[in-house]
Structures are given as structure tokens and as C-alpha cells.
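Have a look at the structure first.

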Amino acid sequence: MPLDYQPILLPNPGRTTAVTLVEYEARGGYAGLKKALEKTPDEVTAVVKDAGLKGRGGAGFPTGLKWSFVPKMPGPKYLVVNADESEPGTFKDRDIMEVEPHTLIEGVAIGSYAIGCELAFIYIRGEYTVAGDRLNAALAECKKAGLLGQPSQLKKADGTPFVLDIIVFLGAGAYICGEETALIESLEGSRPMPRSRPPFPAVAGLYMRPTVVNNVETMANVPFILDKGVDAYKAIGNPPNNTGPKIFCLSGHVKKPGNYELPLGKITLRQFIEEYGGGTPSGRPVKAVLPAGVSAPIIHSSQLDAVMDYDGIKGAGSMLGSASFIVMDDSVDMAWAATRMVEFFRHESCGKCTPCREGTNWLEKTMFRILEGKGKESDLETLQFVSKQIAGNTLCALGDFATSPVTSSLKHFKDDYLLRIGKKSDRAAE
Amino acid sequence: MTLSAATVTAIHAEVARYPSKKTALLPALKLAQKDRGWLSKETLGEVADLVGLPHSHAVELATFYAMLFTEPVAPVRVEFCIQLPCALAGAEAALDKAAKLLDVEMQGTHGTRHGHTKDHQIELHGTVECYGACHRAPMCRVGDDYVENLKTDDDLKKLVGDLKIRAQQAPGH
């Protein structure tokens, strides 16, 4: 039985047009911002902290805590929304921006007030031109209505006008821009290569000023928290570690792929695939699931009773990450699937760190050799060795991500590799 | 000068828009590419001059981003996503069918397959980047536009018909 739950991030499932300001205000939109402006910025941060909101981009870092790291110093501070949604299997932020642009804008306005930012950026991947156009249209509505501007018509708790402009900035095709310091480099007009830390962006980020980078879905949670309160937010999900709603992207071998907004921690992976996804189109059993796009370890079908939240997916040996579930039935050769993922990381490695730049090439070449039937058993050791040389030895997480399809497929589905290199003749999958 | 007056004006507006002029470089390069179709060495220099930066900065960006082209491209550029979710939904078969319908001989292996029509008006690419349309797979990008749910032969025939119309309408045809 599907859960009895009223979505708050994507309350119009199936809608493909943008919600207008009039529609958004008619359902109580911008009440969260108005309530936030009655509090001090520190109080707003405390509310978001209490709510237990964790970053929805992948890392799951507590949002309120991130805001609290911004030093209280004079001069510009920036809030940058990470809308560079490029993880294979992930299409949730696109839906928020294309259909619910005002929810994001309201979240950005509240976050900007909390950290003292007067110019915020929404950095969108270059391919999402529709999302960019719709956000710009929504921003124009807000300016016209006096909700945004230099100054806006809204007043802060201290009686001074609320000042905020938001710039929509489109990238030009680079997965690495989803890494927050690479995104900042891109915004500054440099090649998007991750920075070494410290300093962290909260201290020296965009234009070397204090900067908070938050994901689209994270910011879309904020208006509800400020409007309805911490208790109402905590009533959704599975506190203390898994509070609030989450948009789960579902793709691959399912009858009904799509975005499903559900409370964290209320259903199992099996329920999700069968009750929401309608099961596999072929009717064949599920062989494996990727829970966080191609960046986290593959989950074996024996773990399908894992609960859909941060702790549950971790318990199944992987990570919830961006919650992008790619389902594969038992017809899939996991050596082939892992190769496709490795091709992605080889293509997207920015080239700054040697282990990742060279290592992803080695992984790809070795995987190709195996796929082409020219592999040797020692190639499997090479894959493990190269993965070990990459993981933990790079400035950003892309290096670690690139190894997880390899190491997890070798762990759970070694037979698929052995078949390719002629060390095994009968495929259990067939 | 290779850029139109309208593009130059738009680039000046970008330079004025951000706290740092360097932020305007990427949007300026995209504007120039929209105007010229691709970014030649001459165009890159012109953009850098307009933004007020060394030419090397423009080259650095143009040679990094997947959406910026430093060589001429066909007027109609089609990119089929063949990353895992799309591949599981039959994206590679869809790409092959589109190639056959357009009489395009594909080259390359794995995720780097590409080809073009004999008149060089339409380019087909299989790409390993994900475009965030996995729930409407298979899909492709035609220029900046998404064409999704390419599930049946009829969907592909319609796509190919639309591509041919676009190619005929392309400037210089």
C-alpha cells in the first residue's frame, strides 16, 4: 500500500508547467519568508538546525550547521545554490526548478537572510535551459511584487528593508561543477577544478568571501520549516537522523520511472520498486540497485529490505547520496554496467589530481579489454589495485566515486567478469 | 570582427552584471557560440578582449566544457544519452535506429560513438553524460532542446523527420 503522505516539495505530481507566483501565494507561499524576517538571522539558522535538515545533494551535511559556520564580519557574503544536477539517474532538482521555482526562490531568500547575503546565485547545469528560463520568469514576478530587490518591499526584524538579488547562472556541461569548490571556480570564470581545503567556502568561497553552497532540494525544504515549524517538519520522516521528506528518483528497469517524494525511512527498497515503480517491465527479478546514481556502491538484491533513509542505505553497504535509484534486472551484465559508469568518470574527471586523471583512464582501458573478451584474470587485480590508488588520494570525491562501481561490482558480481574473460562458462543470469 | 553588434551588446551587459568581470567570461563565450556556431581562435580572442581578459583565459574555458566547441559542428547536433539509466531503457538501439533512418555510418566504440549525414547537416553522438531525463528515456538533445520518450519506432521516425526539417531550415543550407 502506498503511504498516506501529502508532498510538500513537489505537491503537483505530473505537472509539467511552472507554478506562478499567484498560484504559489494562494497555497501559502512566501509565508515562510515573512515569518523568517520576523526572527533574527541567528534564530532562523537555529530553527533549520533544530529541524534536522541534511543536505540533499549527496553529502548529507546538516544545513543549519553549515549556515552557522559563516563568520559574522562586514562585507559581502554569498549563498550559491548548487543546481548542477549531473549525477546519472538524478532528475529531482530539474523538476523542482521547472515546476516549483518559487519554492526554491523562497528557500534561497530565507537562507540569504540567515547568513547575511544580499546577492545569491543559482548555478544551473548548462543543459537545463528550461529550468533557467522558468527561474528567471519567477524571479521577475518576485521583483515586480516587491519580494526581492535592492531593496525589496519586505522589512527585516530590525526594521530595515530586506535586500536580495538572485542571479541565475548557467554552466556549460561539466559534472565536476557539482563539487562545491569547482562550482565556485566556474562561477568565478576559471576552469572548474576543485580547490584544496582549508580554507572552506564558509570562510573563503566565491570571490574569496564567506559562501554557503546548498543543493536545490535542500533549499526547497526550508520554506516549510519556517512556515509550519520544527515540530511539523520533524513529524515527517524518521528522526533524529532522517528527518523530513526526500525526493527519490527512480529509473532503469521499472515500469513507472519518475520522481517520488516520500518521508525518509518509511518504506523499504523492495516496496519502492514494486509498489511505486511497478516492478521490472520484464517481470524478471531485480539483480542490483544503485541508490545514489553511479557514485555509491551497488546494492545486491539480497539487501532489498533496506529502509529508504540515510541509515538504512548505509546499512545495506552503500550511501543514500542524491537518492537516485537505478534498478537493474537479472539480464544485466554487471561488468558492462560498471564499464558504462567508469566511462562517465573518465570523461568527467577534471584532470587536476593525478590519481583520478590517470586512474580513471586505466580503469576504463582495463574494463574495455575485459568487455571485448581480451581480458585476463590478472586484470581483476589491476582494477582493484588502481581503485585503491585513486580512492582517498584526490582533492574531491569524484575519485572515490569512480572506484565504487568497479569495487562493488567485483565484490557482488565477480562471475560476470569471469564469464567475460572465459574463466566461467555458464551464466547464472541466463 | 566576427561577432554581431547584438552579441557584443549582450556581452557588455554580462560584464556589467557580476561582481567580477571574469564571471562574465563563460556566459560571453556561450553568447559568441550562439552567434557563430562554434568558437574559432579569432572568436575566442574577440570575446576575451570584450570581457577584458587575456586570450588564454577564453581558451582555458572553451577547451574544458562539453557544451563549448572549438571546431565547427553541424547545424543540427544530436546527442543521445547512453549513460546507464538510458542504456537500460534501450538508448543504444534507439541511436542505431536513428542512424539507420538518417543513413549515418557511426564510428567509435562504447560511449564515444558518432557520425554525420553525407551532407554534414546532421551530427549524431552517443554521450556518456547524463542529461537528467532518465525517467523519460531514451532521450536526446537536439541543440539545446530535449526530445524525450523515444520509445517506439514511430517516435524515432518523427524525430528523424524533425531533424531533416531543422537541417533544411539551418542557415547556409
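In what order do the elements of chain B run from the N terminus on?

## Order of elements

This is a predicted model. In chain B, the elements go α-α-α-α-β-α-α-β-β-β-β-α, reading from the N terminus. That run is made up of seven helices and five strands.

## Extent and burial of chain B

The chain holds 173 residues, and 53% of them count as buried.

## Surface and charge of chain B

Chain B has an accessible surface of about 7900 Å², with carbon and sulfur atoms accounting for 52% of that.

As for charge, chain B carries 22 negative side chains and 19 positive ones. The centres of those two sets sit 3 Å apart.

## A nonpolar patch on chain A

Over on chain A, which residues make a nonpolar surface patch of about 260 Å²? They're A:Phe61, A:Leu65 and A:Phe69.

A:Phe61 is found in a loop of chain A, with helix H3 (41-51) on one side and helix H4 (63-68) on the other. Is A:Phe61 buried or partly exposed? A:Phe61 counts as partly exposed because its relative accessibility is 37%, and partly exposed covers the range between under 20% (buried) and over 50% (exposed).

Terms used: Residues are numbered from 1 along each chain as its sequence is written. Chains are lettered from A and ligands numbered from 1 in the order in which they are written. This is a predicted model: local features need pLDDT of at least 70, side-chain atom pairs count only at pLDDT 80 or more; totals for chains, interfaces and linings use all residues. Side-chain values use heavy atoms; hydrogens and water are left out. Helices (H or I, at least four residues) and strands (E, at least two) are DSSP runs, numbered from the N terminus. Buried means under 20% relative accessible area, exposed over 50%, partly exposed in between (1.4 Å probe, protein chains only). Accessible areas come from the Shrake-Rupley method with a 1.4 Å probe; for residues, only the protein chains shown count as cover. Lys and Arg count as positive and Asp and Glu as negative; His and the chain ends are not counted. The place of a charge is taken as NZ of Lys, CZ of Arg, CG of Asp or CD of Glu. Patches are made of residues with over 30% relative accessible area and no salt bridge: like charges are joined within 9 Å, nonpolar side chains (Val, Leu, Ile, Met, Phe, Trp, Tyr) within 5 Å. A salt bridge is a side-chain nitrogen of Lys or Arg within 4 Å of a carboxyl oxygen of Asp or Glu.
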